[in-house]
Every structure is written in C-alpha cells, then in structure tokens.
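Open the model in your viewer and keep the selection panel at hand. The stops below say what to select and what is there.

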Amino acid sequence: MSTLTKVPAVDENVAVKLPEQTLRKWLRDMLLIREFEARSMQAYQNRKIGGFCHIYIGQEAVAVGVIAALNDDDPLITAYRDHGHALARGMDPRHCLAEMFGRIGGCAKGKGGSMHMFDKAHHMYGGHGIVAAQCPLAAGLAFATKYEDEVINGGTSRRVTACFLGDGALNQGAFHEAMNLAGVLDLPVLYICENNGYAMGTAISRATTMGHEITAKAAAYGMEGVTINGMDVITVYNRMKPLVARCRESLRPIFVEIRTYRYKGHSMSDPRKYRTKDEEQRYEALDPIDKLAEHLKAEHGMGPDEYEALAKDVRLQVRDAGKWADASPVPDASELYTDVYADKWGPYLGTTPPPMLGEGPGPGPTEPPQPA
Ligand SMILES: Cc1ncc(C[n+]2csc(CCOP(=O)(O)OP(=O)(O)O)c2C)c(N)n1
Ligand SMILES: [Mg+2]
C-alpha cells in the first residue's frame with residue numbers, strides 16, 4: 001500500500017568508476033543523437049519532414065544515462081520529443097529518419113512521423129503527442145509486466161517501466177491519475193520528468209505550482225521524489241542505477257526530476273522570444289557532450305584525434321541514414337486502410353508489422369534499398 005517510501009540519499013560526488021569503453025559508448029550515443037537532430041533540422045527546412053518536429057539537442061545525457069541504467073527489456077515510453085530515446089534504445093537511425101520522411105521503411109511505416117517512434121523489438125512504446133498521454137499507458141505497461149511475470153509465469157516481477165515526461169505534463173490530469181494508480185496499486189514504474197524549464201513558451205515558474213521543487217508532487221501519491229542534474233551523463237547513470245534497482249525490488253513507483261535544458265526551440269517553428277540569449281549561452285556552457293569528452297580526456301587520455309574519429313563515424317552513419325530514408329519508398333496507397341482502429345470508411349482491415357521488424361512489406365532491416 002502507499003506509504004511514503006524513502007529513497008536513500010546518493011552522494012553525487014562518490015564517483016563510481018565506470019569502464020572506459022562504457023563512457024566512450026555513451027559519448028558516441030550522445031554524439032549520434034546530436035548529429036541526427038542537426039540533420040533532422042536541415043531536412044525539415046528542406047521540407048523532407050512534415051508536421052511537428054521536436055529537437056532533443058541539449059537533453060542527450062538524460063536519455064543516454066537513464067537508458068543505460070535500465071535493462072534492455074524494461075519497457076520505455078515517452079512524449080513527442082522522442083528521437084533521442086529511440087536512438088539511445090537502439091533503433092537504427094535509418095528507421096528513425098525514414099519515419100520522419102513518411103517512408104515505408106520507418107518504424108511505424110511512415111504513418112506516425114517524428115512524434116511516434118515505436119520499436120517493439122527494443123521495448124519502446126512511443127512517442128506520444130498528447131501531453132501526459134504516456135503516463136497512464138506507463139501505469140498499464142507496469143501493471144502488465146508485473147501480471148505477466150507474477151501471475152502468468154508464476155515468478156517474481158523482473159521488469160520496471162520508464163516513463164519520460166516533460167515538465168508541462170505535471171499540470172495534466174492524466175499525470176495525476178497515473179501517479180495515484182501507480183501509488184495505490186504498487187506498480188514498478190519510474191516517472192521521469194525531464195525538466196527543461198519550459199512547456200512550449202511558458203516558463204515553469206509561470207504555470208506550475210511548486211515549480212521550484214516539483215518532487216513535492218510525488219509526496220501526495222506516497223512516492224519519494226528525487227532530483228538529478230541532467231547535464232552530466234555519469235551523474236544521471238550513477239543516480240538512476242540504485243533507483244531502478246529499488247523500483248524493481250520494492251515494486252513501488254518512484255518520481256524522478258532530471259534538470260536539463262533544450263538548446264533549440266520547442267518545435268521547428270519556435271523563435272524562442274520568451275528567453276534570453278544569455279540564458280541559452282549559460283546552459284550551452286554546461287554542455288553534456290563536452291563534459292563527458294573532457295572527462296575522457298582527463299581521466300582516460302582520450303586525444304583530439306580519437307574524438308574527431310568518433311564524431312566522423314556518427315556523421316557518416318547519419319548521412320547513410322539520410323540516403324537510406326530517401327531511397328525507402330512512400331507507403332502504398334493501400335496502407336491508408338490498415339492499422340486504423342475506426343471503421344468509419346469500411347470494415348477494419350487489420351494491421352501489418354513494419355518492415356523494420358523483418359516481418360512486414362517492403363525491404364527489411366537487413367536489406368536497405370540502394371540509394372538512387
Ligand atoms: C493535452 C495537450 N495539451 C496541449 C498540447 C500542446 N502542447 C504540445 S507540447 C506542449 C508543451 C509541453 O511541454 P513539456 O511537457 O515541458 O515538454 P517539452 O516540450 O519541454 O519537452 C503543449 C502545451 C498537447 N499536445 N496536448
Ligand atoms: Mg519542458
């Protein structure tokens with residue numbers, strides 16, 4: 001039942017020595033997200049991407065650090081600023097970009113676009129465009145894994161669900177209903193608020209009660225709330241790791257605030273008039289990629305050539321993804337009538353898995369179409 005659980009304090013200064021290879025992988029993961037996002041912005045400006053497009057630059061350490069602290073089969077769900085989470089979870093950038101280009105090779109056959117990155121093979125359940133819509137779904141995912149592990153398979157609960165949300169979601173009813181359910185039903189779910197200080201153009205202090213201490217909201221649902229610095233991937237990982245373990249063991253939900261900053265606008269059409277250049281520069285000076293690169297340089301002797309080689313490697317990977325996505329065909333017109341759950345225009349015609357999973361129509365993951 002929901003009594004206030006105490007998460008033991010973790011001293012951020014007690015450095016857990018992580019293997020160099022792990023740190024290099026995280027650096028590559030963050031560089032990949034940043035390069036992917038920079039190319040996505042370009043592609044948007046070149047009208048290859050339609051609809052909304054929300055860029056994750058600045059927040060890379062959050063997705064990479066949290067996902068590293070999870071098991072690969074722990075379900076993950078997020079909002080519409082979702083490219084970074086998909087890539088950090090292992091989605092091939094080809095499938096991610098093809099989705100944004102509206103092509104059949106995309107993770108949702110090009111029918112979802114930027115806000116709907118789904119990847120069943122990597123236990124990623126979206127990509128959701130309605131603010132806080134993912135919160136009750138996360139409670140459902142956590143209920144389902146617990147039920148499957150304990151009742152259907154007759155074992156103990158093995159999986160936790162990670163639900164990412166923005167600070168704007170704190171003011172949505174769905175968030176509060178989900179927190180209450182998770183608290184009262186003892187669900188193994190981590191609600192992870194990526195607090196980047198703004199919900200579109202509205203600063204958190206203008207729209208959110210207790211905006212200076214949002215973990216206070218967790219107490220009302222019998223959960224401990226924890227705040228983490230999201231501009232440092234090592235800190236994110238070191239602080240998330242025991243929380244994930246505790247959630248798995250106790251089967252109690254935990255609320256985590258990760259303080260971060262988005263360097264770009266809310267979406268591609270945002271001129272950012274609600275904040276100063278000064279503020280942006282202050283956060284850019286705390287850049288999480290630079291921070292990890294400096295750590296690798298100081299502690300593991302990484303040279304400038306090695307850094308440049310990594311950066312070049314991701315540039316080539318994203319360039320290849322762009323060519324692959326360009327060459328992937330647009331969905332056949334018949335796709336208009338599948339995966340649709342309303343039968344307003346006729347009987348339900350069923351669903352087909354995306355080619356990305358190697359089961360559906362068109363080229364699968366191992367057979368990229370040759371660029372023209
Ligand atoms: C229910 C609902 N209301 C309003 C919107 C319009 N909207 C889209 S994003 C957004 C702001 C959300 O900000 P936040 O949760 O902080 O996420 P961030 O964009 O900072 O990642 C709003 C109000 C929406 N998508 N859904
Ligand atoms: Mg926000």
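Select residues 304-327, helix α12, in this predicted model. Helix α12 has 24 residues. From its first C-alpha to its last, α12 reaches 35 Å, close to the 34 Å expected at 1.5 Å a residue.

Within α12, colour V314, V318, A321, G322, W324 and A325, which are its buried residues. Against which helices do the buried residues of α12 pack? Show α1 (20-45) and α4 (93-100): the buried residues of α12 pack against both.

Next, select residues 134-152, helix α5. Helix α5 has 19 residues and reaches 25 Å between its first and last C-alpha, close to the expected 27 Å. Its buried residues are Q134, C135, A138, A139, L141, A142, T145 and K146. Look down the axis of α5: these buried residues fall within an arc of 160°, so they line one face of the helix. An α-helix has 3.6 residues a turn, so residues three or four places apart point the same way.

Now turn to the other side of α5, where Y147, V151 and I152 are exposed. After α5 comes G154, with a positive phi near 65°.

Last, select ligand 1 and the 13 residues around it. Those that come nearest are V131, G166, D167, G168 and A199. Coloured by type, the shell around ligand 1 divides into 6 nonpolar, 5 polar and 2 charged residues.

Key: Residues are numbered from 1 along each chain as its sequence is written. Chains are lettered from A and ligands numbered from 1 in the order in which they are written. This is a predicted model: local features need pLDDT of at least 70, side-chain atom pairs count only at pLDDT 80 or more; totals for chains, interfaces and linings use all residues. Helices (H or I, at least four residues) and strands (E, at least two) are DSSP runs, numbered from the N terminus. The expected span of a helix is 1.5 Å times one less than its number of residues. A residue is buried if 20 or more other C-beta atoms lie within 10 Å of its own, exposed if 12 or fewer, and partly exposed in between; C-beta atoms are placed from the backbone. Two residues are in contact if their C-beta atoms, placed from the backbone, lie within 7 Å. A residue is near a molecule or strand if its C-beta atom, placed from the backbone, lies within 6 Å of it. Ala, Val, Leu, Ile, Met, Phe, Trp, Tyr, Cys and Pro count as nonpolar, Asp, Glu, Lys and Arg as charged, and the others, Gly among them, as polar. The arc is that of the directions from the helix axis to the C-beta atoms.
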